[in-house]
Amino acid sequence: MNIQARDTAAPIPAQPRTTPTPPRIELRTVTFAHPDAVRLNDRVQLEYAERYGDDGDLTPLDPTMFEPPRGLYLIAYDDNGTALATGGWRGMDRNEENYQDGDAELKRMYVTPEARGLGLARRILAALEADAKAAGRTRMVLETGTKQPEAIALYTSSGYTPAEEKFGYYRFDNLSRCYAKLL
């Protein structure tokens, strides 16, 4: 006995796809000492400590390092005034930590967990690169670590390549990865 099943169900009409409207984001220039910058820095330090099992990033930073024209610090805010992401650059020149003349170093790139996936890191990165270039910097550099694969993926997909020579505070650390991009 050969019985063939026939599809007798009526076709289901296609439902229109709804995409959530992304929040309107405003990038604001602030100081590294701004209360929101301090709060977000505390959050990223906790994340570093969890990932690496240590006290976080111990690179000495002074708020004046991020003041124009030798630097810039940005925070991304949503419509409600909630600080969601941060990042900055500071001008560096040839020194004993292997920086080169004309370097702009990315620091404290961070997106809060609730805002990840909205493209904020790319948006901040592009704004920082444009500002550093306008300030006469010729190369953007950054140091990240092997336990931050999301950061490595962001930077390599944005044109960063491993630096020829490691630089910065963690240049001798085996977990450290240094990247660079000509501006």
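Reader: Which residues do ring pairs link into a cluster?
Author: Phe32, Phe66 and Tyr73 are the ones joined that way. Rings of Phe, Tyr and Trp (its six-membered ring) pair if their centres lie within 6.5 Å; planes under 30 degrees apart are stacked, over 60 edge-to-face, and the rest tilted. Bear in mind that this is a predicted model, where local features need pLDDT of at least 70 and side-chain atom pairs count only at pLDDT 80 or more, while totals for chains, interfaces and linings use all residues. Residues are numbered from 1 along each chain as its sequence is written, and side-chain values use heavy atoms, leaving out hydrogens and water.

Reader: How do I describe one ring pair?
Author: You give the distance of the centres and the angle of the planes. The count here comes to 6 aromatic pairs. Take phenylalanine 32 and tyrosine 73: they sit edge-to-face, 5.1 Å centre to centre, with 70 degrees between the planes. Phenylalanine 32 is in the loop between strand E1 (26-29) and H1, and tyrosine 73 is in strand E2 (residues 71-77), so this pair ties together parts 41 residues apart in sequence. Helices (H or I, at least four residues) and strands (E, at least two) are DSSP runs, numbered from the N terminus.

Reader: What does E5 pair with in the antiparallel sense?
Author: With E7, over 7 bridges; two strands pair if DSSP finds at least two bridges between them. Arginine 139, for instance, stands opposite leucine 182 in E7. E4 and E5 run parallel, joined by 3 bridges.

Reader: And how do I find pockets?
Author: Rolling a probe the size of a water molecule over the atoms shows where empty space is left. On a 1 Å grid over the protein atoms alone, a pocket is an open set of points where a 1.4 Å probe fits, with protein on both sides within 12 Å along at least five of seven lines; lining residues have an atom within 4 Å of a point. In this model, 35 residues line the largest pocket, and Tyr48, Met109, Thr144, Gln148 and Ala151 lie nearest its centre. E4 gives the largest share of that lining, 6 residues.
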